[in-house]
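Student: Good morning. Could we go through a structure together, starting with the overall picture and then moving to details?
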Amino acid sequence: MVSMLTVMKSGELIETAIVGREGVAGGWVAIDGRNANTQSTVQVEGSAWQIPTAKFLEIYKASDSFQSAINLYQGVILFQAQQSAACHAIHSIEARMCRWLLLSQDVTGTDQIPLTQEFLSHMLGVQRSSVSLCAHTLQKTGLIEYARGKIKIRDRKGLEECACECYSVTREYIASVIPPERRTDSPRGVVF
Amino acid sequence: MPNYYFHLENGQILLDDTGVELRDIAAAQIQALRASSELFKAGPRATATLWNGTPWRMWVIDKPNGEGKTFFTLRFSAAM
């Protein structure tokens with residue numbers, strides 16, 4: 001799982017999209033030959049193919065199917081960025097945290113996620129005190145178990161109820177444009 | 001640069017064990033206002049204690065464990 005992060009001059013950063021095994025990081029170069037304005041950081045380890053830019057562009061120009069797959073995925077990234085912009089402005093931090101935890105579980109396929117408050121505060125673009133408050137609330141209501149640097153999901157259904165619509169909206173969009181064989185093999189059939 | 005720790009009490013004490021390195025107290029004040037205003041965007045369940053009559057405070061000190069020199073305190077309460 002790769003996080004696409006937008007980094008401000010002050011060093012503050014926020015996640016604007018997540019790329020999983022169904023996608024490509026760095027595909028922006030196909031649009032204008034330049035690097036994307038985001039920083040890509042691997043959050044959860046996994047294997048991936050790497051291709052030099054020149055070779056990538058050569059195939060992009062030569063193959064219609066490659067070109068349309070890349071374009072389609074750039075659309076997925078744009079979709080996520082648009083959804084995130086609205087989500088950050090409108091939804092509560094608790095709902096956004098639930099969304100993020102669900103995504104992490106989808107990608108890692110485990111209910112035990114190694115996460116510090118610091119890390120979550122960067123992903124959500126909020127202060128650590130907000131992360132602390134929300135994690136505490138979710139723990140009190142039995143949805144998660146939170147210990148230093150580790151979050152265990154106890155009630156996925158409860159988290160889904162508390163997450164903002166952005167979780168299912170993004171999931172459904174990706175499911176509609178990426179063929180199932182290119183998505184994760186997780187039993188949940190989730191695509192990040 | 002000194003370290004500032006932003007602790008929170010909302011019926012329960014949530015200690016900040018990491019802290020933030022900031023230039024001076026003015027920077028810490030900006031940070032505290034930003035952090036506390038954000039707390040109220042946490043969601044209805046997280047902010048329930050405020051409406052149940054529990055006053056909240058964010059206090060900023062130079063130590064991670066809740067002891068130490070207090071730089072300043074912000075208090076929030078709701079009157080019904």
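Student: What percentage of the 80 residues in chain B is buried?
Tutor: Please keep in mind that this is a predicted model. In chain B, buried residues make up 38% of the 80 residues.

Student: And how many helices and strands does chain B have?
Tutor: Chain B has 2 helices and 5 strands. From the N terminus on, their order is β-β-β-α-α-β-β.

Student: What is the accessible surface of chain B?
Tutor: The accessible surface of chain B is about 4,500 Å², and 54% of that belongs to carbon and sulfur atoms.

Student: Let us pick one residue there. Where is Asn3(B)?
Tutor: Asn3(B) lies in strand β1 of chain B, which covers residues 3–9. Its relative accessible area is 31%, so Asn3(B) is partly exposed, as this class lies between the limits of 20% and 50%.

Student: Which residues does Asn3(B) touch, not counting those up to four places away in sequence?
Tutor: On that count, Asn3(B) touches Thr18(B), Val20(B), Glu21(B), Ile61(B) and Asp62(B). As for Gly43(B), 40 residues apart from Asn3(B) along the chain, the C-alpha atoms of the two are separated by 29 Å.

Student: Now chain A, please. What does its secondary structure come to?
Tutor: Chain A has 8 helices and 6 strands. Read along the sequence, the pattern is β-β-α-β-α-α-α-β-α-α-β-β-α-α. Of the 192 residues of chain A, 44% count as buried.

Student: What share of the contacts in chain A with a separation of 6 or more comes from residues 24 or more positions apart?
Tutor: In chain A, such residues account for 64% of those contacts.

Student: Is Gln74(A) buried or exposed, and why?
Tutor: Gln74(A) counts as buried because its relative accessibility is 12%, and the limit for this class is under 20%. Gln74(A) is found in helix α3 of chain A, residues 64–90. Leaving aside neighbours within four places in sequence, Gln74(A) is in contact with Gly27(A), Trp28(A) and Ile31(A).

Student: Next topic: helix packing. At what angle do α5 and α6 of chain A pack?
Tutor: Helix α5 (residues 117–124) and helix α6 (residues 128–140) of chain A pack at about 105°, with their axes 8 Å apart. The angle makes α5(A) roughly perpendicular to α6(A).

Student: Which residues make that contact between α5(A) and α6(A)?
Tutor: On the α5(A) side they are Gln117(A), Glu118(A), Leu120(A) and Ser121(A), and on the α6(A) side Arg128(A), Val131(A) and Ser132(A). The residues of this contact divide into 2 nonpolar, 3 polar and 2 charged.

Student: And how far apart are the axes of α4 and α8 of chain A?
Tutor: The axes of helix α4 (residues 93–108) and helix α8 (residues 166–177) of chain A are 9 Å apart, at an angle of about 40°. The helices α4(A) and α8(A) are therefore oblique to each other.

Student: Which residues of α4(A) and α8(A) meet?
Tutor: Arg99(A), Leu102(A), Leu103(A) and Asp106(A) from α4(A) meet Cys166(A), Tyr167(A), Thr170(A) and Arg171(A) from α8(A). That contact divides into 4 nonpolar, 1 polar and 3 charged residues.

Terms used. Residues numbered from 1 in each chain as written. Chains lettered and ligands numbered in written order. Predicted model: local features only at pLDDT ≥ 70, side-chain atom pairs only at ≥ 80, totals over all residues. Heavy atoms only, no water. Axes fitted to C-alpha atoms, helices over the stretch in contact; angles between N-to-C directions. Helix = DSSP H or I, 4+ residues; strand = E, 2+ residues; numbered from the N terminus. Parallel < 35°, antiparallel > 145°, perpendicular 65-115°, else oblique. Contact = heavy atoms within 4.5 Å. Nonpolar A, V, L, I, M, F, W, Y, C, P; charged D, E, K, R; others polar. Buried < 20%, exposed > 50% of the residue type's maximum accessible area, 1.4 Å probe, protein only. Areas by Shrake-Rupley, 256 points an atom, 1.4 Å probe, with all protein chains shown as cover.
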